[in-house]
Amino acid sequence: MQKIKIKLPNKKFYIDHLKNFSQYSQEENWIRWYVKVAKLKGLRTLKILQEYKSRDARLLDLGCGIGFTLSILAQAFPKSIGCEVDEEALQATREMLKEVGVSIPLRIYDGKSLPFKNNEFDVITCIEVIEHVENPE
């Protein structure tokens with residue numbers, strides 16, 4: 001498989017992005033820690049997916065949040081779509097995607113019924129979503 005060069009925003013962009021959009025801690029040490037974790041998590045997910053899927057795979061990032069992982073995955077899988085229940089989070093994702101030079105569709109949904117046809121995607125990621133689900137069972 002062809003190696004894709006992934007553009008990552010600079011550290012200041014990540015920190016500002018978290019400060020502006022994260023629903024989690026605004027404590028400076030946590031933010032600096034999470035910036036490292038988010039990049040590593042996204043790159044690790046990409047590495048795993050590239051072992052099994054080609055560049056033309058259709059990917060859905062369900063619960064794309066503020067765009068950390070999707071901004072990495074969409075560079076390698078240009079047929080990606082981000083889907084989220086929170087419009088403010090989608091705006092944050094738009095900013096993140098713009099920062100890395102990616103333009104892909106983003107969709108809002110109600111958290112219950114996905115706005116896609118059956119079998120529309122080859123890969124679905126759903127990272128850091130379960131803690132937000134009303135009835136995870």
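The model is a predicted one, in which local features need pLDDT of at least 70 and side-chain atom pairs count only at pLDDT 80 or more, while totals for chains, interfaces and linings use all residues. Residues are numbered from 1 along each chain as its sequence is written, and side-chain values use heavy atoms, with hydrogens and water left out.

Strand S2 (residues 79–84) is joined to S3 by 3 bridges, and the two run parallel; strands pair if DSSP finds at least two bridges between them, and helices (H or I, at least four residues) and strands (E, at least two) are DSSP runs numbered from the N terminus.

Now show the whole open sheet, whose 4 strands follow the order S3-S2-S1-S4 with parallel pairing. At its edges lie strand S3 (106–108) and strand S4 (123–125), each of which pairs on one side only. Helix H4 packs on this sheet and touches S2 and S3, its direction making about 175° with that of S3; contact means heavy atoms within 4.5 Å, and axes are lines fitted to C-alpha atoms, for helices over the stretch in contact, with angles from 0 to 180 degrees between N-to-C directions.

Next, select Leu 18, Val 35, Ile 66 and Phe 68, which touch the most other members among the 14 residues of the largest nonpolar core, a core being a set of buried Ala, Val, Leu, Ile, Met, Phe, Trp, Tyr and Cys residues joined through side-chain atoms within 4.5 Å. Helices H1 (11–21), H2 (28–52) and H4 (87–100) each supply at least two residues of this core, and H1 gives the most, with 5 residues. Centre on Val 35, which touches Tyr 14, Ile 15 and Leu 18 when residues up to four places away in sequence are not counted. Finally, move to a second, separate core of 11 residues, including Leu 49, Ala 76, Phe 77 and Val 123.

Key
Buried means under 20% relative accessible area, exposed over 50%, partly exposed in between (1.4 Å probe, protein chains only).
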